Amino acid sequence: MKTRRYFVFTLLAILCALLALPGSGAPTAESWLSFRHISSSNGLSHNTAPSVAQDSAGYVWIATHDGLNRYDSQNIKVYRHIPGDTLSLPSSKVLRAVTDSAGNLWALTPGALSLYVRELDYFRNFPLPEGTVGNDLFPLSDNEILLAADNGVYSFNPATGQTR
């Protein structure tokens with residue numbers, strides 16, 4: 001019995017000593033967590049990025065003050081407002097990007113809520129009620145998105161396009 005206790009104690013002491021050595025033992029944050037800096041110097045449309053979301057296709061969408069950026073871990077494609085094009089974003093200033101439970105991407109711009117139509121690579125735009133300045137979006141279900149605004153909270157139904 002004494003020999004067994006000595007063996008267990010010795011084994012624990014060796015394990016503790018090994019874990020204390022630099023470069024061994026339990027992983028540190030630096031060993032498994034890695035960040036890649038994306039900025040305007042390597043393709044991002046603007047360095048102010050108030051929101052990031054990932055859609056069901058795996059794209060990472062970065063809302064910026066000069067467009068909505070679609071990132072696929074290699075390339076960035078920028079979506080901006082194109083004057084006269086009703087299928088582009090209604091403004092290049094994108095305040096929020098979120099995904100709903102179906103993986104659809106929604107973008108909030110000043111004065112409008114936009115749904116990205118992936119199959120056709122365009123945006124379906126829904127104007128906000130007159131005088132409403134949106135701040136944030138929260139998808140509750142496929143049939144309801146909450147819009148936090150300067151003058152209260154609105155419920156938006158994507159199927160009908162109605163805001164109440």
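This tour moves through the structure stop by stop, saying what to select and what is found there.

The model is a predicted one, in which local features need pLDDT of at least 70 and side-chain atom pairs count only at pLDDT 80 or more, while totals for chains, interfaces and linings use all residues. Residues are numbered from 1 along each chain as its sequence is written, and side-chain values use heavy atoms, with hydrogens and water left out.

Next select threonine 64, which lies in strand β2 (residues 60-64). Is this residue buried or exposed? Threonine 64 has a relative accessible area of 0% and is buried, a word that here means under 20%, with exposed meaning over 50% and partly exposed in between, using a 1.4 Å probe and protein chains only.

Two polar contacts can be shown from its side chain, a polar contact being a pair of N or O atoms within 3.5 Å, where within protein one must be able to donate a hydrogen and the other to accept it, and residues adjacent in sequence count only if both atoms are side-chain atoms. The side chain of threonine 64 reaches the backbone oxygen of glycine 67 at 2.7 Å, and a polar atom of that side chain lies 3.1 Å from the backbone nitrogen of aspartate 66. Not counting residues up to four places away in sequence, threonine 64 touches several others, including Leu44, His46, Pro50, Asn69 and Lys93, where contact means heavy atoms within 4.5 Å.

**Serine 91 in a loop**

Move on to serine 91, placed in the loop between β4 and β5 (96-99). Serine 91 is buried, at a relative accessible area of 17%, and its side chain reaches the backbone nitrogen of lysine 93 at 3.1 Å. Leaving aside neighbours within four places in sequence, serine 91 is in contact with His81, Thr109 and Pro110.

Select strand β9 (residues 134-141) and strand β10 (residues 144-149), which run antiparallel and are joined by six bridges. A hairpin of two residues connects β9 to β10, and across the pair leucine 137 stands opposite leucine 147 in β10.

Both leucines are among the residues with the most contacts inside the largest nonpolar core, which has 14 residues; such a core is a set of buried Ala, Val, Leu, Ile, Met, Phe, Trp, Tyr and Cys residues joined through side-chain atoms within 4.5 Å. The elements giving two or more residues to this core are β6 (105-109), β7 (112-117), β10 and β11 (152-157), and β10 gives the most, with three residues. Apart from this core lies another, of 12 residues, among them Ala53, Ala63, Leu68 and Tyr79.

**Salt bridges**

How many salt bridges does the structure hold? There are four, each being a side-chain nitrogen of Lys or Arg within 4 Å of a carboxyl oxygen of Asp or Glu.

Show aspartate 55 and arginine 118, whose side chains meet in a salt bridge (3.9 Å, N to O). Aspartate 55 lies in the loop between β1 and β2 and arginine 118 in the loop between β7 and β8 (122-127), so the pair ties together parts that are 63 residues apart in sequence. Aspartate 55 is buried at 6% relative accessibility, whereas arginine 118 is partly exposed at 31%.

Finally, select arginine 96 and aspartate 136, which form a salt bridge with their closest N and O atoms 3.2 Å apart. Arginine 96 belongs to strand β5 and aspartate 136 to strand β9, so parts that are 40 residues apart in sequence are tied together by the pair.

Methods:
Two strands pair if DSSP finds at least two bridges between them. Helices (H or I, at least four residues) and strands (E, at least two) are DSSP runs, numbered from the N terminus.
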